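Please look at the structure first, then read the points below.

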Amino acid sequence: MSASIIRVLDQYDIRHPDRVQAFGSGGGFSGAQFWRVTVAGREFCLRKWPRGKPGTDHAKLMYTTLQHVQQHTQLPLAFPQTPTRGTDPFVKEGGRQWELSEWLPGKPVREHPINPEKLRAAMQMLATFHNATEHIHHGEGNSRAIEFRCQLIDRLNDGQLDQIRNASSQVDTGVKKSFLDQFSIHGGAIRKQLQAVRERHGPQFPILGDIWSEHVLFTGDQVTGVVDFGAVKVDSYHLDIARLLGSYEDYHPGSIQSGIAEYSAIRHLGELDRSLIELYDQAYVLLAGIQWLIWIELERRTFPDWEAVQQRLERLNRRTPNGH
């Protein structure tokens with residue numbers, strides 16, 4: 001156990017943990033590191049954030065959102081513990097910010113189709129989260145996610161796609177070709193659909209931002225944990241629905257339509273809502289693989305778990321027309 005971990009745990013009056021188990025990146029790609037801390041029969045998750053994150057505004061939004069949801073729902077959130085000395089939920093140590101939360105039970109749906117009971121539980125969880133956060137007033141506005149996707153497509157059309165195509169490849173050539181071919185065929189149509197809703201004003205309130213199958217834990221068919229809130233932001237709730245259902249669609253075609261129906265049982269969705277969810281998903285299928293190619297082949301980012309990166313790329317490729 002490092003001196004930094006000892007100093008951080010001391011801020012929570014944890015001085016003699018029974019066990020501290022390193023989990024590295026935890027299968028994620030943000031650059032965060034995780035440890036499982038056992039003390040006096042209780043288990044916690046210790047997280048060291050990437051350098052420079054979370055920013056002050058992001059940390060405030062994330063914490064106040066989770067606090068509001070915790071106060072108004074029974075959802076099993078990995079809520080940051082407040083250090084014994086101080087009111088800031090984050091501890092600063094070694095130039096990084098650290099966070100301690102309860103270690104929640106359960107496992108995500110991974111590498112196999114989700115059953116109807118789990119899908120229902122996941123969508124009821126998400127609808128309940130949105131029912132709570134929509135009361136945190138942020139008004140109406142344009143979706144930043146739509147804007148980002150429009151700008152990304154424009155950059156690709158202005159030459160970035162050719163840069164990717166000509167870059168020396170670290171990615172399986174068949175997977176890379178699948179992503180590039182898909183964009184060449186469908187990029188123009190998706191760009192027009194995105195432009196059609198680009199200036200549309202809609203409800204803007206805190207959403208999870210990057211909620212996918214790995215972040216929802218089940219014990220049996222019940223959701224017993226929701227983890228990783230590093231992407232909480234103010235945007236359109238349609239993004240959350242599309243993101244989570246798209247990750248289940250990887251293994252279970254039909255999850256999107258079934259999941260929308262389950263969500264609607266808790267929180268009403270109209271026809272326009274359904275169209276926006278489908279558009280977000282279509283844009284994700286089109287652009288997520290391309291974004292990974294930008295990170296890997298143009299920006300030359302490195303990731304501690306290359307096998308996990310390859311698995312993510314394979315999952316993304318399954319959603320492409322040539323990837324089945």
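H5 and H8 are oblique to each other, a term for angles that are not under 35 degrees (roughly parallel), over 145 (roughly antiparallel) or 65 to 115 (roughly perpendicular). This is a predicted model, in which local features need pLDDT of at least 70 and side-chain atom pairs count only at pLDDT 80 or more, while totals for chains, interfaces and linings use all residues. Residues are numbered from 1 along each chain as its sequence is written, and side-chain values use heavy atoms, without hydrogens and water.

**H5 with H8**
- Helix H5 (residues 173-197) packs against H8 at about 135°, and the axes are 9 Å apart; axes are lines fitted to C-alpha atoms, with angles from 0 to 180 degrees between N-to-C directions.
- The two helices, H5 and H8, cross in a left-handed way, meaning that the near helix is turned anticlockwise from the far one by less than a right angle.
- Among the residues that meet are Phe179, Phe183 and Ile190 in H5 and Leu279, Leu286 and Ile290 in H8, where contact means heavy atoms within 4.5 Å.
- This contact of H5 with H8 has 14 nonpolar, six polar and two charged residues.

**H7 with H8**
- The axes of helix H7 (residues 255-264) and helix H8 (residues 271-298) come within 12 Å and cross at roughly 140°.
- H7 and H8 are therefore oblique as well.
- The crossing of H7 and H8 is right-handed.
- Ile256, Gln257, Ile260 and Ser264 in H7 meet Arg274, Ile277, Glu278 and Asp281 in H8.
- Three nonpolar, two polar and three charged residues make up the contact of H7 with H8.

Key: Helices (H or I, at least four residues) and strands (E, at least two) are DSSP runs, numbered from the N terminus. Ala, Val, Leu, Ile, Met, Phe, Trp, Tyr, Cys and Pro count as nonpolar, Asp, Glu, Lys and Arg as charged, and the others, Gly among them, as polar.
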